[in-house]
Amino acid sequence: MNFSDVKPGDILVADGGFTCIDEGAELTVCRGHEDALYVACDDGRHYLDGQVSGKILIGFEPKAGPQWHEIKCPNCGRDDQLDVDAVVSIRLTPSGSDADMSEDESHIWDDNSMCSCIACGGRGKVRDFK
Ligand SMILES: [Zn+2]
Ligand SMILES: [Zn+2]
């Protein structure tokens, strides 16, 4: 990932190249003095600017967040045309219903939810789209 994309509060996953951080450890980026970004490690603070090669942060991957689902269509490879059948609450209105008005805006889905690819018409469980 680009070092310039790393922000305080981001969760990074360490690879196996550290003596002071366990492989796969999930670390929250903190901002230290002089705005230097670091994560906590066995030695205290592990400053990220020592992990930059060119503009690329090495040794860490961003943890997949809610916006980053890491699923794509097994047929056509698209990841921007996927509809997942999620459980949502909707507000009943005189003219029908509105998911955006409901108090609980969470959209519940998991690996067993059904997923459709709008681009090619493929359909299957989310787990099959990983
Ligand atoms: Zn360290
Ligand atoms: Zn597709």
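With 5 C-beta neighbours inside 10 Å, E34 counts as exposed, because a residue is classed that way when 12 or fewer other C-beta atoms lie within that distance. In this predicted model, E34 sits in the loop between strand 3 and strand 4, and its phi is near 55°, a positive value in a residue other than glycine. D35 is found in the loop between strand 3 and strand 4 as well, and here too phi is positive in a residue other than glycine, with a value near 65°. D35 has 7 C-beta neighbours inside 10 Å and therefore also counts as exposed.

The largest nonpolar core has ten residues, namely L12, A14, I21, L27, L37, Y38, V39, L48, L57 and F60. Two elements give two or more residues to this core, strand 1 (11–14) and strand 4 (37–41), and the largest share, three residues, comes from strand 4. I21 is one of the core residues, and, leaving aside its neighbours within four places in sequence, I21 is in contact with A14, C41, D42 and H46.

Stepping back to the whole chain, the reader will find zero helices and 13 strands. The radius of gyration is 20 Å, well over the 14 Å that the globule rule gives for 130 residues, so the chain is more spread out than a compact globule. Along its principal axes the C-alpha trace spans about 60 × 35 × 25 Å. Buried residues make up 12% of the 130 residues in the chain, and among the contacts with a separation of 6 or more, 44% are between residues 24 or more positions apart. The domain assignment divides the chain into domain 1 (3–62) and domain 2 (82–129), and the centres of domain 1 and domain 2, taken over C-alpha atoms, are separated by 35 Å.

Strand 9 (residues 82–84) and strand 12 run antiparallel and are joined by three bridges, with V84 standing opposite C115 in strand 12. Strand 12 is likewise joined to strand 13 (residues 123–125) by three bridges, and these two strands run antiparallel; in strand 13, G124 is the bridge partner of C115. Strand 12 and strand 13 form a hairpin with five residues between them, and G121 in the turn has a positive phi of about 85°.

In strand 12 (residues 114–117), C115 and C117 make up the covered face, whereas M114 and S116 make up the uncovered one.

Methods
Residues numbered from 1 in each chain as written. Chains lettered and ligands numbered in written order. Predicted model: local features only at pLDDT ≥ 70, side-chain atom pairs only at ≥ 80, totals over all residues. Domains from an automatic or database assignment. Core = buried A, V, L, I, M, F, W, Y, C linked by C-beta atoms within 7 Å. Buried ≥ 20, exposed ≤ 12 C-beta atoms within 10 Å, placed from the backbone. Helix = DSSP H or I, 4+ residues; strand = E, 2+ residues; numbered from the N terminus. Contact = placed C-beta atoms within 7 Å. Pairing = 2+ DSSP bridges. Rg over C-alpha atoms; globule rule 2.2 N^0.38 Å.
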